[in-house]
Amino acid sequence: MNRLQSAAELENFRAGILAARDPAKPCFAVCAGAACDGLDSARVASAFEAEVAKLGPGAGVEVRVTGCHGYCEKGPNVVGPHDICYFEVKPEDAPEIVARTVDGEVVERLVYAHPDTGEKAVHMADVPFYKHQTRLLIGDNTRIDPMRIDDYLAVGGYAALAKALFQMTPDQVLDEVKQANLRGRGGGGFPAGQKWETAKNAPGEEKYVIVNAHEGEPGAFMDRALFTGNPHKVLEGLIIGAWAIGSHRGFIYTRHDAPQLIKHIETALAQAEGYGLLGENILGSGFDFRVEVHFDVGIFVSGESSALMRSIEGNPPEPRPKYIRTSVAGIWDKPSNLNNVETWANVPQIISRGADWYKSIGTEGSKGTKLVSLSGNVVNSGVVEVPMGTPLRKIVYDIGGGIPGGKAAKAVHFGGPMGGSIPASLIDAPLDFDELAKLGAPIGAGGLLVMDEDTDMVDVARYFLEFLTNESCGKCVPCREGMRQTLKVLTNITKGKGRSGDIARLEDLSDVTGAACLCALGRTASDPLKSMLRYFRDEYETRIAGGSAVR
Amino acid sequence: MSEVVMQIDGKEVKAGDGTTVLQAARSAGIRIPTLCHHDKLEPFGACRMCMVEVEVRGRKNYVVSCLYPVAKDLLVRTRSERVDKIRRVILEELLAHAPNSPELVALAAEYGADRDRFDKDPSFCILCGLCVRYCAEVKGKNAVDFIERGARREISFIPEIAAKECWECQECFALCPTSYAQAAYFLTEALAFPGRRKKASAPSA
C-alpha cells in the first residue's frame with residue numbers, strides 16, 4: 001500500500017480495517033508467548049487452523065496467534081469469543097472447542113476451576129488470576145497478532161502518534177510526560193520526563209533515543225512478553241519520544257537469543273515504515289525518524305545503560321563512569337535518551353488519555369500500572385499487571401493463588417540478583433518504587449520471586465551472586481573481586497564450612513562493593529545479601545555457628 | 001583554559017577546567033594512591049583506589065578522582081574513615097591474588113589491610129590493565145588484551161602479534177605492579193613461538 005500521508009488518511013484506513021471485521025464472528029487467540037511456546041502451543045494453533053479450515057471461509061471463524069496472555073502457569077492458553085478462557089489446551093481439544101463455540105456453547109472441562117472449591121470461571125473477567133489485574137499495557141496482547149500491524153491499528157494504535165504530531169508541539173508532549181510523572185520501569189525509577197528534557201536541552205543537533213530491551217536477569221520475563229506480543233506499542237512510544245526530544249535516529253537494543261522477539265521487532269519496523277509511520281516524513285508531518293536494531297553479545301551487563309551504548313558503538317559492553325550523564329553524552333558522546341520497553345509502552349496512553357487520567361492510577365510517588373513477572377513458590381506463575389500501590393499480598397495470594405502445597409510464605413524477593421528480599425511479615429507493603437526501596441527490596445525491573453518456608457536464604461544469596469559473578473564485565477576491582485570473595489564465603493557457609501568473622505567479612509565486602517563499583521551492576525550486586533543480613537541474620541549466624549551443611 | 005578554585009583536604013587548589021580531581025590534587029602536592037593510573041594513558045577508573053569523598057551543594061558522594069572533573073567550589077576529602085575502608089578492602093581483595101607485590105604490600109601497611117583476610121587465589125595479575133592499555137594507546141600494537149569476563153577475566157598475549165612485536169619492546173614489563181605481564185609473555189612465547197630467545201642471543205657469525 002501507499003504510505004499514509006496524514007492523520008485523516010490514518011483514520012480512514014483504520015475505519016476500513018474495522019469495517020472489514022465482523023465482531024460477531026468468533027476468533028480464537030492462541031498464545032504463542034515464551035511459556036506457551038515451550039509447551040508446544042504451535043501445534044495447538046495448527047490444530048485450530050485445521051479445524052477452522054474445515055468450516056470453510058464462509059464461516060468467518062478466525063485463529064489469531066498472539067503474544068503472551070499472562071497466565072503462563074496454565075498454558076497453552078486459548079481465548080475464544082467473549083473472552084472465554086481455555087487453559088492447558090491440547091491440539092486434540094481443538095475440534096471440540098471449535099464445534100461447541102460455533103454452537104454458542106462453552107467447553108466446561110477446559111475452563112478455570114478453583115483448586116480448592118472447584119468453582120468454575122469462564123470469562124477472563126472472572127478468572128481470579130486476571131480479575132484483580134488492571135491490564136492497560138498487556139491487555140491488548142490477546143487481540144493482536146504481533147506480525148500484523150492492522151491488528152494494532154484495529155485497537156487504536158498510532159492514534160497517539162498522530163495526536164502528538166498534529167495536535168501537540170514537542171514541548172507539549174514532553175510536558176504531558178513530565179506531568180504524568182512517568183518513572184522509568186527499568187530499575188531505578190528515574191522520572192522519564194526529566195531524562196527526556198535533559199536530552200532535549202543538551203547541546204548538539206544529533207540526538208538518539210533507545211529502547212533497552214535487554215531483559216536478562218533470572219525471574220524477569222515481562223518486557224519480553226510485552227514487546228514480543230505488542231511491538232508496535234513500544235515503537236509508537238519511541239517515535240513519540242523522538243518527536244518530543246528532537247531525535248531522528250533510534251536504536252532498539254535487545255538479546256541476540258530471542259528469535260521470536262527479533263522477528264516481531266523487525267516485522268513491526270518494516271510494516272510501520274511501509275505504512276508511513278516510520279522513516280521519512282512520518283504521516284506527512286515532515287518529521288523523519290529511523291530505527292535500527294542492535295544485539296547484545298550474551299552478557300548481562302550489556303543492559304547497563306553506558307555499557308549498552310558502548311555496545312551500540314561497536315565496542316565491548318563495558319560500563320563507563322557516568323559523571324556526565326548519557327542523556328548528555330551517550331552514544332558517540334551525543335545526547336542519548338534510554339528507556340526500557342515498559343516505559344516506552346506507557347507513552348502512547350499518556351498522550352491519548354492525558355496526564356490527569358494517568359496520574360489517577362497509582363500512588364503519590366508511583367503512577368500508572370506495573371508489569372510484574374510472578375514466579376517462584378507460587379501457585380500461579382505468569383505476567384501480572386496491577387496499579388502501583390497494590391499490596392504485595394494481593395499479587396501473591398489473590399492473583400498468584402498463594403503458596404503451593406499448603407506451605408507458608410517465608411519471603412518475597414524483588415528485582416532479581418540486584419534486588420532484595422523482605423520477610424513474609426511485610427507482605428502488606430505496597431508495590432511502590434519508594435516504599436519498597438526503603439524496605440530494601442526495590443522493584444527493579446519487576447521480577448517478583450515468592451519463597452516458601454523451606455527456602456535456604458544463604459543459598460538464595462549465593463545463587464544470585466553466582467549469576468552476577470559470571471555476568472559482570474570484570475573491569476573494576478570491587479565488583480569482580482568483591483563478588484568473587486563474597487561468593488566464596490557464602491559457598492563455604494552452605495557447605496557447612498562457615499568461619500567466625502564471616503558476617504563481618506560479608507558486611508565489609510558488600511559495603512565496599514555497594515559504594516565503590518563503577519556501574520549499577522556492581523553497586524547493587526550486594527543488595528540481595530544486604531537485605532538477607534537485615535532480615536534473616538539469625539539464619540546466617542546459626543548456619544555459621546552450627547557448621548553444618550544441613551539446616 | 002579557564003581555572004576553577006576548589007578545596008582539597010581544606011587546602012585551596014586552582015585547577016584548569018576540564019582536568020580531573022586527581023590531576024588537581026597531585027599538582028598541589030596531595031597524594032592519592034592509584035594502581036591503574038598512568039599519566040600517558042587515558043583514565044581507566046578500574047582499580048577504584050583513588051576514590052575520594054566529594055561534596056557538591058552539601059551532597060556527599062564517593063567518586064574516582066582519576067575521572068571526576070574538577071568544578072568550582074568542589075569540596076574534596078582524600079582521606080576519611082569511609083575512603084580508607086574502601087581502599088583497605090580493595091587492597092585485601094587484591095592481596096588475595098598477589099600477596100607479595102611490593103606496591104600492594106606498601107599500601108597495605110599504610111591502610112592496615114590484612115593480606116590474609118580473604119581466601120588466596122594466587123593468579124598474580126590484578127587486572128589493572130596497564131600493559132593492555134599501554135600496548136594499545138602508546139604503542140598501537142594491541143599485542144596483549146583482556147579475555148573472558150567477570151571473575152574469569154585475565155590478560156593474554158596474542159601470539160601472532162606478540163611474536164612480531166614484543167621482543168623489541170618489553171616496555172609493559174616495567175609498568176606491571178606484580179611482574180605478571182612478563183611471566184604471561186614468556187609463557188606465551190614458550191607455548192606459541194619457542195626458540196625465539198635462543199635465536200636472538202646466538203652469537204653472530
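Reader: How many residues does the contact take from chain A and from chain B?
Author: Keep in mind that this is a predicted model. The contact draws on both chains. Chain A puts in 26 residues, and chain B puts in 23 residues.

Reader: Which helix gives the most to the side of chain A that touches chain B?
Author: Three helices of chain A, α18 (457-471), α19 (477-494) and α20 (502-516), each supply at least two residues of that side. By class, the side has 13 nonpolar, six polar and seven charged residues. The top contributor, with nine residues, is α19(A).

Reader: At what angle do α19(A) and helix α2 of chain B pack?
Author: Two packed helices are described by the angle between their axes and the distance between the axes. Here the partner is α2 (residues 81-95) of chain B, and the axes are 10 Å apart. α19(A) passes α2(B) in a left-handed crossing. The packing angle is about 65 degrees.

Reader: And which residues of α2(B) make that contact?
Author: On the α19(A) side you'll find A:V477, A:P478, A:E481, A:G482 and A:Q485. The residues of this contact divide into four nonpolar, two polar and two charged. From α2(B) come B:I90, B:E93 and B:L94.

Reader: What are the edge strands of the open sheet of five strands in chain A?
Author: The order is β12-β11-β15-β13-β14, with mixed pairing. Neighbouring strands of this sheet are turned by 30 degrees against each other on average, direction ignored. An edge strand pairs on one side only, and in chain A those are β12 (382-387) and β14 (420-423).

Reader: What is the bridge partner of A:S375 in β15(A)?
Author: Strand β11 (residues 369-376) and strand β15 (residues 447-452) of chain A run parallel, joined by four bridges. For A:S375, the partner in β15(A) is A:L449.

Technical notes
Residues numbered from 1 in each chain as written. Chains lettered and ligands numbered in written order. Predicted model: local features only at pLDDT ≥ 70, side-chain atom pairs only at ≥ 80, totals over all residues. Pairing = 2+ DSSP bridges. Axes fitted to C-alpha atoms, helices over the stretch in contact; angles between N-to-C directions. Contact = placed C-beta atoms within 7 Å. Nonpolar A, V, L, I, M, F, W, Y, C, P; charged D, E, K, R; others polar. Left-handed = near helix turned anticlockwise from the far one by under 90°.
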